[in-house]
Every structure is written in structure tokens, then in C-alpha cells.
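Please read the following account alongside the sequence and the coordinates.

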Amino acid sequence: MNAFPKTRAFVWKKDRLLLLDQRVLPHRLVWKTCRTWSDVARGIKEMVVRGAPAIGCVAAYGVVLAAKAKAFRTREDQMRALEHAFDGLLQSRPTAVNLRWALERLRLIWQEPETYGVHVLTPQGVAKCLEQEAIKVEEEDREFNSRIGRLGAALLPLDAVVLTHCNTGSLATAGLGTAFGVLWTAHRGNKIRKVIASETRPYLQGARLTAWELQQEKIPFELITDSMAAHFMKTEKIDAVIVGADRIAANGDTANKIGTYSLAVLASHHDIPFYVAAPFSTVDLTTATGRDIPIEERSAKEVTWVRGQSIAPKNTLARHPAFDVTPSDLIHAIITDRGVAKPPYTESLKDLFERQPVLI
Ligand code: MRU
């Protein structure tokens, strides 16, 4: 077994960013080239790249492309261009907080360079610092995934059957993945009997992406439709449900892919532990509860059409909230790179926030 997953969602090439087009996976491997920040913003908006930590990483590279866009005569010119790119990238998707987290981290460099340890910067110097920081965001995410994997795998019993939702692997992050990283690490430790992956209607991240990653990593799995979860929780041994997150509020309420909330309710009914795995950059202590998390509403056509084929009568009204919020009282633990938070989350997440991150 490889020490590193075989798939990568994005590759930085200094003057361009390559995105693996996740819309056509698993049947076609197509790389899209982004040469400008707006190419990156479009790639995020149109789901070429998706998954909260991956979005944060590629947005950071989008800023670098904006900083290198031309030979800026002054820092002020460059700063205006960077602010414009910041706003454009921030608007590309609203729910995953990692996007804002990464952009704000880079903005410190052009707004307050002294906090970055430099005082006088040329436009070229700013671009260089931004590139170094974006690479650090990516490398840290990879390291955070490994830590989440180790901490999460320790929570699973031997011979575990684990249900997961959406896609949280190397296509959604810079490394092993979050919930997927836990499964990968537990499998490596011979703890996994099988993974049950839900197809994740309507965008099918489970069927198209997670099944593909599980297959590549040779982790035994079965694919089910979302509506089969209750049946299998009742009729088969499922030891845990583990999912990723797009934003975790200060009280532990967690926004994740639509369908996560129903899995948590079902898990509670069947007495199955329900775990969330995410880097600490997904925790947003400025958002008090799940009610304050903006939920992206995507095109209804993604519900009424499947892979280019209409499945509903013409003019059917449909809804497509892309995420839902799982109340914290349904979550047994939140596994982060800084440690495992347990209820009450208002206290445990604050404790982890105060703990210094172990940076690479
Ligand atoms: O709409 P998507 O595909 O970007 O949604 C992704 C998810 O909801 C993932 O579960 C979440 O981002 C965690 S990824 C490590």
C-alpha cells in the first residue's frame, strides 16, 4: 500500500494551477489549467474542485496568481488587484469557511506585512511571500490530515464497519483527507472490515469520488443510496458514522453535505457513534451556532437532471440546498488536528483554539 494517496485534486506550477476536473470523474481524467485568479474562482464555483480544505488551498493559489498577474508598478496597484481577487474568490462558494480562512491568512501579508516579519516589500516581494504562504497552507493541510487520521482511527473498534457520506479524501483536501483519512489510517492498521459509502444525492460525490478513491486505495467498501442508510443501520452491524465538515460553529453545530443531518438522526436512533473529522481551520468560532451558517442553494437542475438526463417532468420545481446543519447534540466527537473535542463543544473547541497549533 502506498504511503500517500494516488489522487490529487490540484497541483501548483508556479505560474499556473492545475485542477483535476472532478465533474467528469471517475470516468475521465481531465486537468484544467488556471492562469488567473478568476479561473480559480470559476473552478470553485463550477465544482471543478470542491471539498472545504481543497477550496481553501486553491483559493490561496488564486491570490498568488493575482499577485503575479502583471508587473505592478507600485504596491498600491498590486494591493487593489489583490483586494479585488480576495472579494471574487470569497464569493465563489459561501458555506465552507476554509475559503475565508485561507484568504484572510494571505491578506495579512499585503495588509500587515510586519506581522509576517517583513517591513518593506516590493510587489515582487509580496508575490513571493504570498506564494510561500500558499504552499504552507497546502503542506499544513496535508500534515493536519495525517494527524486527524491517527486520532480518528484510535476511536474505531477492531473489525469496524463504518458508514461515510460525501467525499472527504484526497480530492477534497491536500492529503489523505479528513473522514477519509481516518478510514485510510484505520484500514492500514487492519481495523476496517468495510466502509459503507452513501452515493450522496444529488451531486453524487459518494458514488463518483469516494467509491473511486476507496477502490484505488484497496479499502473494502459497498456503495448504497442515501435512502438505504436506516435499513443497514437496523439490519447490519455498523460501528460508526464518520463525516467531514464545511463549517463547525462555536457550539459544535456542523454544516456538511446535504444528507449528513439525516444520517446523524438515524445514527442516534440506532445508538451508533457519529463522528465529524475536520482540520481546525473548519472551526469558525465567530459563528455562534448552526443557525448562523450560510447554506449554499444550488441549481434545481442538479436535482431534476442526472448526468445530462432529465428524470422529472418538465417544469418540476425542485430544491437543492447543498449542505445541512447537524446539531451538536447528535455528534459524539469532533476530530481535529489539534485534538479530539467532546461535548460540551463550546468549551472543548475553545480549549483547542487556545492550544497552539503545531505548525510544520
Ligand atoms: O459541495 P462539496 O462537494 O464541496 O461538499 C463537500 C463536503 O460537504 C465535504 O464533506 C466537506 O467539504 C468535507 S471535505 C474534507
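Once neighbours within four places in sequence are set aside, T346 has contacts with A250 and N251. In this predicted model, T346 belongs to helix α11, which covers residues 345-354.

The protein chain is split into domain 1, residues 10-145, and domain 2, residues 156-353. Taken over C-alpha atoms, the centres of domain 1 and domain 2 lie 26 Å apart. Contact between the two involves 30 residues of domain 1 and 32 residues of domain 2. The size of an interface is often given as the accessible area lost when the parts come together. By that criterion, domain 1 and domain 2 bury about 2,600 Å² between them, with 53% of this area on carbon and sulfur atoms. On the domain 1 side, R50, T95 and N145 lose the most area to domain 2, and together they make up 24% of what that side buries.

Attention now turns to the interior. In soluble globular proteins, nonpolar side chains tend to be buried together. Here the largest nonpolar core comprises 41 residues, and F10, L17, I44 and L130 have the most contacts inside it. At least two residues of this core come from each of β1 (10-12), β2 (17-20), α1 (37-45), α2 (52-67), α3 (75-90), α4 (97-111) and α5 (123-153). Helix α2 provides the largest share, 12 residues. For L130, the contacts beyond four places in sequence are V63, V64, A67, L82, L106, I109 and W110.

The remaining element to consider is a sheet. Seven strands form an open sheet with mixed pairing, in the order β6-β5-β4-β7-β10-β15-β16. Its edges are β6 (221-224) and β16 (339-341), each of which pairs on one side only. From one strand to the next, the twist averages 25°. Within this sheet, β4 (residues 160-164) and β7 (residues 240-243) pair in the parallel sense over 3 bridges, and L163 has V241 of β7 as its bridge partner. Helix α9, residues 260-269, lies across β4, β7 and β10 (274-277), and runs at about 145° to β10.

Notes:
Residues are numbered from 1 along each chain as its sequence is written. This is a predicted model: local features need pLDDT of at least 70, side-chain atom pairs count only at pLDDT 80 or more; totals for chains, interfaces and linings use all residues. Side-chain values use heavy atoms; hydrogens and water are left out. Helices (H or I, at least four residues) and strands (E, at least two) are DSSP runs, numbered from the N terminus. Contact means heavy atoms within 4.5 Å. A nonpolar core is a set of buried Ala, Val, Leu, Ile, Met, Phe, Trp, Tyr and Cys residues joined through side-chain atoms within 4.5 Å. Buried means under 20% relative accessible area, exposed over 50%, partly exposed in between (1.4 Å probe, protein chains only). Two strands pair if DSSP finds at least two bridges between them. Axes are lines fitted to C-alpha atoms, for helices over the stretch in contact, and angles run from 0 to 180 degrees between N-to-C directions. Domain bounds come from an automatic or database domain assignment. Buried area is the accessible area (1.4 Å probe) that two parts lose on being put together, summed over both.
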